[in-house]
Amino acid sequence: MELKNTIELMLSDNYEDRLKAEYMQLKIRIEKLSTYLDVHKVKPTDERYTQLYAMKLYLDCLEKRLYVINKNNELKESYEYISMIMDTVADKLQKAPQFNK
């Protein structure tokens with residue numbers, strides 16, 4: 001994946017899409033910086049290692065946010081499904097002969 005592949009998500013009106021794009025972009029940048037540090041044999045005391053560490057911490061934060069959003073969406077879908085079932089059951093009960101007397 002390349003940064004240019006995240007443009008559509010980044011321009012979305014949906015904050016979840018933009019968050020996913022931000023996550024993907026950061027992941028790409030981490031991979032590129034890690035590769036650069038390895039290829040150029042940069043010393044571990046270089047400030048770019050501090051940058052890499054901070055980027056990984058931020059990536060972890062984004063992962064946790066995406067996890068929570070996903071779980072909340074699953075819960076919301078579950079609640080909507082249960083609500084639909086309850087409405088259907090209530091409707092059937094209302095139409096049942098013993099409730100119409």
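Where is the place of Thr-6 relative to helix H1? Thr-6 sits in the segment before helix H1, which covers residues 7–10. Here, helices (H or I, at least four residues) and strands (E, at least two) are DSSP runs, numbered from the N terminus. This is a predicted model, in which local features need pLDDT of at least 70 and side-chain atom pairs count only at pLDDT 80 or more, while totals for chains, interfaces and linings use all residues. Residues are numbered from 1 along each chain as its sequence is written, and side-chain values use heavy atoms, with hydrogens and water left out.

**Overall build**
- The protein chain has three helices and zero strands, and its elements run α-α-α from the N terminus on.
- Its C-alpha trace spans about 85 × 25 × 15 Å along the principal axes.
- The radius of gyration is 24 Å, whereas a compact globule of 101 residues would have one near 13 Å. That radius is taken over C-alpha atoms, and the globule rule is 2.2 Å times the number of residues to the power 0.38.

**Thr-6 and burial**
- Thr-6 is buried, with a relative accessible area of 0%. Buried means under 20% relative accessible area, exposed over 50%, and partly exposed in between (1.4 Å probe, protein chains only).
- Leaving aside neighbours within four places in sequence, Thr-6 is in contact (heavy atoms within 4.5 Å) with Met-1, Ala-21, Met-24 and Gln-25.
- In the protein chain, buried residues make up 21% of the 101 residues.
- Of the contacts in the protein chain with a separation of 6 or more, 47% join residues 24 or more positions apart.

**Salt bridges**
- Side chains of opposite charge can pair when their charged atoms come close.
- The structure holds three salt bridges, each defined as a side-chain nitrogen of Lys or Arg within 4 Å of a carboxyl oxygen of Asp or Glu.
- Glu-2 and Lys-4 pair at 3.7 Å, N to O; Glu-2 is partly exposed at 45% relative accessibility, and Lys-4 is exposed at 57%.
- Arg-48 pairs with Asp-46, with the closest N and O atoms 2.9 Å apart. Arg-48 is partly exposed at 26% relative accessibility, while Asp-46 is buried at 16%.
- Lys-64 and Asp-60 meet at 2.8 Å, N to O. Because these two lie four residues apart in helix H3 (residues 47–95), about one helical turn separates Lys-64 from Asp-60. Asp-60 is partly exposed, at 31% relative accessibility.
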